[in-house]
Amino acid sequence: MTSNEPAAHDAVVLAGGGARRLGGADKPGVPVGGRALLDRVLGACADARATVVVADPRPTVRPVCWAREDPPGAGPVAALDAGLRRVTADDVLVLSADLPFLAPDTVRRLLTALRSGGAEGVLLTDADGRDQPLVAAYRSAALRRELAVLAAAHGGLAGLPLRRLTAGLDLARVPDPVGSFDCDTWDDIATARARIREHDHVLDEWISAVKAELGVDLDVDTGVLLDLARDAAHGVARPAAPLTTFLVGYAAAQGAGGPEAVAEAARKAAELAVRWAQEAGQGAERAAGQDKAAETGGPGPDAG
């Protein structure tokens, strides 16, 4: 690792709760915006060197390691201990599997705050200022220390609440009412599904969902593609918009394949759409001039 590379971190995702307030539904598998809640969280922490999901194995958007607390259903502290036994990085993300709006930027903010300060953990707080210990980054050694203290004091970790664990840690906090939003009830699910369809969010959510579904890891300037689609629709024909943007993506994939290749292909296609529209405009002007000349009996615009 060079000095310019970020320190490695691992992630532990707790996904084995009983979801009593959802009537026992498979909460990690509930879709929001077409993607399972668990997959949305796994997408947000995709930069982790190792990701351990504490739950029974299931299909996921990317490969992960699986762990299970002993006995199953022994609670979040026991689940965290099971996950922590399978990671080795000095810093670890601890996340619940029901965070529909957790984003990679939020994860990076947590890790940056942890590494730049002296705290043993950095967690998000919700809209009401409450701590969210399952949307946090911790120093692994501090977690292991407190887990050992609890296990010795209680003869085990089963059934212990998370506040018993976090009470022994020096914590810093980052307010984030969106990233910390979790889905405990069907009303929460409905709120999350409604929010991603709002005008300000729907395009970003849709693009993220499509990239996840297709296995595409590429950040491009969506404004450039939308402008190209507009030019093709107005200057050529409405169906030209989706076909043109498809061809731009295909051309970029055939070439370098990165954001720069998409931008260059979009630039060429946009210039073509402008030329196409200009020719159509010139043709319309010529036809109008000829019609006017015919009406007046005078020469047309190209008469000698």
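**Entry 1: a term first**

A helix here is a DSSP run of H or I with at least four residues, numbered from the N terminus. I need that for R40, which sits in helix α1, residues 37–44. I also note that I am working from a predicted model.

**Entry 2: the whole chain**

I counted the elements first. The protein chain has 10 helices and 9 strands. I then looked up burial. Of the 304 residues in the protein chain, 39% are buried. The accessible surface of the chain is about 16700 Å². Carbon and sulfur atoms own 54% of that surface. Next I checked contacts between residues at least 6 apart in sequence. Of these, 65% join residues at least 24 apart.

**Entry 3: R40**

Back to R40 in helix α1. Is R40 buried or exposed? I found 4% relative accessibility. Buried means under 20%, so R40 counts as buried. I then listed its contacts, skipping neighbours within four places in sequence. R40 touches V32, G33, R35, P100, I196 and E205.

**Entry 4: R195**

R195 lies in helix α6, residues 186–195. Its relative accessibility is 22%, so R195 counts as partly exposed. Which residues does R195 contact, beyond its neighbours within four places in sequence? They are F101, V178 and H201. R195 and F101 are 94 residues apart in sequence. In space, their C-alpha atoms are 9.7 Å apart.

**Entry 5: the largest nonpolar core**

I went to the largest nonpolar core, which has 28 residues. Which members touch the most other members? They are V92, Y138 and L143. I noted which elements supply at least two residues each. The strands are β1 (9–14), β4 (51–54), β6 (91–96) and β8 (131–139). The helices are α2, α4 (140–154) and α5 (162–166). Helix α2 gives the most, with 5 residues.

Not counting residues up to four places away in sequence, L143 touches L80, L84, V92, V94, Y138, L165 and L169. There is also a second, separate core of 26 residues. Its members include L102, L114, V122 and V174.

**Entry 6: helix α2**

How many of the 9 residues of α2 are buried? I found 8, so α2 is largely enclosed by the rest of the structure. The buried ones are V77, A78, A79, L80, D81, A82, G83 and L84. I also checked what they pack against. The partners are β1, β4, β5, β6, α4 and α5.

I looked at P71 next. P71 is in the loop between β5 (65–67) and α2 (76–84). What kind of peptide bond joins D70 and P71? I found a cis bond, with omega at about 0 degrees.

**Entry 7: α8 and α9**

Last, I took a helix pair. Helix α8 covers residues 222–235, and helix α9 covers residues 240–254. They pack at an angle of about 135 degrees. Their axes are 8 Å apart.

Which residues meet between the two helices? From α8 I listed L225, L228, A229, A232 and A233. From α9 I listed A240, A241, T244, T245 and V248.

How values were computed
Residues numbered from 1 in each chain as written. Predicted model: local features only at pLDDT ≥ 70, side-chain atom pairs only at ≥ 80, totals over all residues. Heavy atoms only, no water. Core = buried A, V, L, I, M, F, W, Y, C linked by side-chain atoms within 4.5 Å. Buried < 20%, exposed > 50% of the residue type's maximum accessible area, 1.4 Å probe, protein only. Contact = heavy atoms within 4.5 Å. Areas by Shrake-Rupley, 256 points an atom, 1.4 Å probe, with all protein chains shown as cover. Axes fitted to C-alpha atoms, helices over the stretch in contact; angles between N-to-C directions.
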